[in-house]
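Dear colleague,

Here is the structure I promised to pass on to you. Please keep it open beside this message while you read the notes below.

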Amino acid sequence: MEIALWTAQVALALLFALSGVLKSTMSRKRLLETGQTGVAAYPMPVVRFAAICELVAVLGLILPRLTGIAPVLTGWAAVGLAVVMAGAMAGHWRLAVTEHRPAEYRNVAANVVILAVCVFVAAGRL
């Protein structure tokens, strides 16, 4: 179980580190061009805030368990990322339904998988 949890934590950390860096540095136009279509549903300050939350959560996924200092924070970081994924699912769903973009349903499905991994880590670490 420990190996599965660490594998999930590292995978989430890599995914959200990339996402956080992209969303905190790129313009809306560039994000849309690179496939980050979910940003279309939210104002850029919200996107930037989510990016910062993702980057802080990346640290929380790895450092507490690695150092042994406040290891419960790893589970809470996963909970925070689950909240971010719920917002991402809502944004993609809204684009799929209101703007009739069927391709967004695939993004919703990907968000569900990532959310499930977040829940797995949260449940295993809290």
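To begin with the charges, the mean position of the 10 positive charges of the chain and that of the 5 negative ones are 3 Å apart. Please keep in mind throughout that this is a predicted model.

As for the fold, the chain contains five helices and zero strands, and its pattern, followed along the sequence, is α-α-α-α-α. Its radius of gyration is 15 Å, close to the 14 Å that the globule rule gives for 126 residues, so the chain is as compact as a globular protein of that length. Along the principal axes, the C-alpha trace extends over about 45 × 25 × 20 Å.

Turning to packing and surface, 36% of the 126 residues count as buried, and, of the contacts between residues at least 6 apart in sequence, 64% join residues that are at least 24 apart. The chain has an accessible surface of about 6,900 Å², and carbon and sulfur atoms account for 76% of that area.

Finally, a search of the whole structure turns up one aromatic pair. Because W93 lies in helix 4 (residues 72–98) and Y105 in helix 5 (residues 104–125), the pair ties together parts that are 12 residues apart in sequence. W93 counts as partly exposed, at 47% relative accessibility, and Y105 is also partly exposed, with a relative accessible area of 38%.

Technical notes: Residues are numbered from 1 along each chain as its sequence is written. This is a predicted model: local features need pLDDT of at least 70, side-chain atom pairs count only at pLDDT 80 or more; totals for chains, interfaces and linings use all residues. Side-chain values use heavy atoms; hydrogens and water are left out. Helices (H or I, at least four residues) and strands (E, at least two) are DSSP runs, numbered from the N terminus. The radius of gyration is taken over C-alpha atoms; the globule rule is 2.2 Å times the number of residues to the power 0.38. Buried means under 20% relative accessible area, exposed over 50%, partly exposed in between (1.4 Å probe, protein chains only). Contact means heavy atoms within 4.5 Å. Accessible areas come from the Shrake-Rupley method with a 1.4 Å probe; for residues, only the protein chains shown count as cover. Lys and Arg count as positive and Asp and Glu as negative; His and the chain ends are not counted. The place of a charge is taken as NZ of Lys, CZ of Arg, CG of Asp or CD of Glu. Rings of Phe, Tyr and Trp (its six-membered ring) pair if their centres lie within 6.5 Å; planes under 30 degrees apart count as stacked, over 60 as edge-to-face and the rest as tilted.
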